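Me: I am new to this structure. Could you show me how to read it, feature by feature?

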Amino acid sequence: MKHVYGWLLLTPAAILLVGFTHYPAVATLADSFFSAGTALRPSRFVGFDNYAALADDPVFWQVLKNNFWFALGTIPTSIALALLMALWVNARLPGRALVRLSYFTPTVLPMIAVANLWLYFYTPQIGLLDKVTGLFGVPSHNWLGNPDTVMGCVIAMTIWKEAGFFMIFYLAALQSLPPELEEAARIEGASRGYFFWRVTFPLLMPTTLFVLVNATINSFKLVDHLFILTKGGPDNASNLLLYYVYQVAFSYLDTAYAATLTVVLLTLLAAFAVLQFRMIERRVHYR
Amino acid sequence: MTAVEKIAAWLLAILWVSPLLYAFWAAFHPPEFATTFEPLAPLTLANFEKAWGYAPFPRHFLNTVMLVTMILGAQLVLCTLAGFAFARFDFAGRDIAFALVLLQLMIMPEVLIVENYRTMARLGLVDTILGIGLPYMASAFGIFLLRQTFKTIPRELEEAARVEGCSWLGVLWRVYVPLARPTYLAYALVSVSYHWNNFLWPLVVTNSVNTRPLTVGLAIFGAPESGVDWSVISAGTLIAVAPLLVAFLLFQRQFMQSFMQAGIK
């Protein structure tokens, strides 16, 4: 009976999960071996042709590289900031609730709204950034229109949006640390820096890894801001893999190639998934 | 904590809210003051009026509210049943099924836009609110969260209820659900803020005002080519985020605790 009941309870969720996660993942893989069908030419099996096209597509390599830099630019900084914020907000600080609120607020805003606000900072001449740099006599600069600065702009905005979110996880972890540790350290005369690097930081390792994996996944699925800020430009300098998938599928209407790109994205995400499962299994032991 | 650190913490806080404060400044002042900070600049609501006129905000609001409620309602039912199955039934294939569920934590529906769009087209659900919501209803995160919570509830309570003649569903409804109330609240807040803010999939699957949620409406409204001036964009953006922002400011403690709780599990 327990088998029947178990599966009965699971069935409604299972149908939707299979329908919108497992089936599309498998179908995407299958599609990547077929050509895009049109009304005149039905799709046919093309083997690895789509993958060959992928390897020859400079835009694909560009977005992959961009995604790498986007991840590298956002993840370490936002994690470090998040930890710093959590430490500050967890300590005795006048107006602590207000400070915590300020750090966390960007998290509840939609990325689209955030991009709307930041777009204006980056506008040449009238934007806030140009006004500030103008005070130091730096000439006006088209921040989002220049391939050299566009990624930096997008990264800065993403850090602003995400740091407060990660702070919450560190805060939760810090509050679960036994207070005796700090008392003992104080009695022993350990400096605050020593205590942080030798006790707090290692104890926060599971949180850091959890946040790290989540931040990595986020950096591959967070593309909303591109719709407002840059549309992937100029010349694909700020384009990311998922946004490129969207462009190929819904602007160029090449679903077969979009499927091939999605397979790359899925492979990357699956790799992170394996990493996370391993971590959960080992429960990340601290030394 | 040294004085320098306290000042640094405060400076960072000011830096962090400044984009939002700046949006407030621009939205409540006439456009000519949008980039000049004169403390005595006249206040106005004209930008809000204009923004309200440029986009069908009432319709977008209605769509978002319907979307968020529908998703949350379905999630609560589906995730409760599935979470209960994983927590308390030792059925064949459970561990594999659970691993397959967890897969959705990494491969979220927004990654599979191409194939899911095709599925929606086949089901005739393109440009419907149900079509936006359907892929999110069986949430792996919700199932996982409820499973963890249900597992902490002592079996004795359940057995007592069984002795009293409660059916399985009765036990779930009378024992497990009430005891998991904090988890439900935490999950509801996380889910609502996620779907209020979600953009890519709603953009892909909708193509008319009657179904577009706020985020999609805002993106069309704020696009640089729409030629709307900055003060009006600020006002429109504030209109779109206002309900969630106000709710957050009112219940900030609950919000942050919910995110924490959801993160620890």
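Me: What should I know before starting?

Reply: This is a predicted model; local features need pLDDT of at least 70, side-chain atom pairs count only at pLDDT 80 or more, and totals for chains, interfaces and linings use all residues. Residues are numbered from 1 along each chain as its sequence is written, while chains are lettered from A and ligands numbered from 1 in the order in which they are written.

Me: What is the mean pLDDT of chain A?

Reply: pLDDT is the predictor's confidence in each residue, from 0 to 100. Where it is low, the predicted coordinates should not be read in detail. For chain A the mean is 84, and 95% of its residues reach 70 or more. Among the elements of chain A, helix H6 (residues 128-135) has the lowest mean, 74. Helix H3 (residues 58-90) of chain A has the highest, 91.

Me: How many helices and strands does chain B have?

Reply: Helices (H or I, at least four residues) and strands (E, at least two) are DSSP runs, numbered from the N terminus. Chain B has 14 helices and zero strands. Its C-alpha atoms fill a box of roughly 75 × 60 × 30 Å along the principal axes.

Me: Which residues of H7(B) are buried?

Reply: A residue is buried if 20 or more other C-beta atoms lie within 10 Å of its own, exposed if 12 or fewer, and partly exposed in between; C-beta atoms are placed from the backbone. In H7(B), the buried residues include B:Phe141, B:Ile143, B:Leu145 and B:Arg147. In total, 10 of the 12 residues of H7(B) are buried, so this helix is largely enclosed by the rest of the structure. Across chain B, buried residues make up 46% of 265.

Me: Which residues touch the most other members of the largest nonpolar core?

Reply: A nonpolar core is a set of buried Ala, Val, Leu, Ile, Met, Phe, Trp, Tyr and Cys residues joined through C-beta atoms within 7 Å. The largest one has 160 residues; among those touching the most other members are A:Phe166, A:Val245 and B:Ala82. H7(A) gives the most to this core, with 15 residues.
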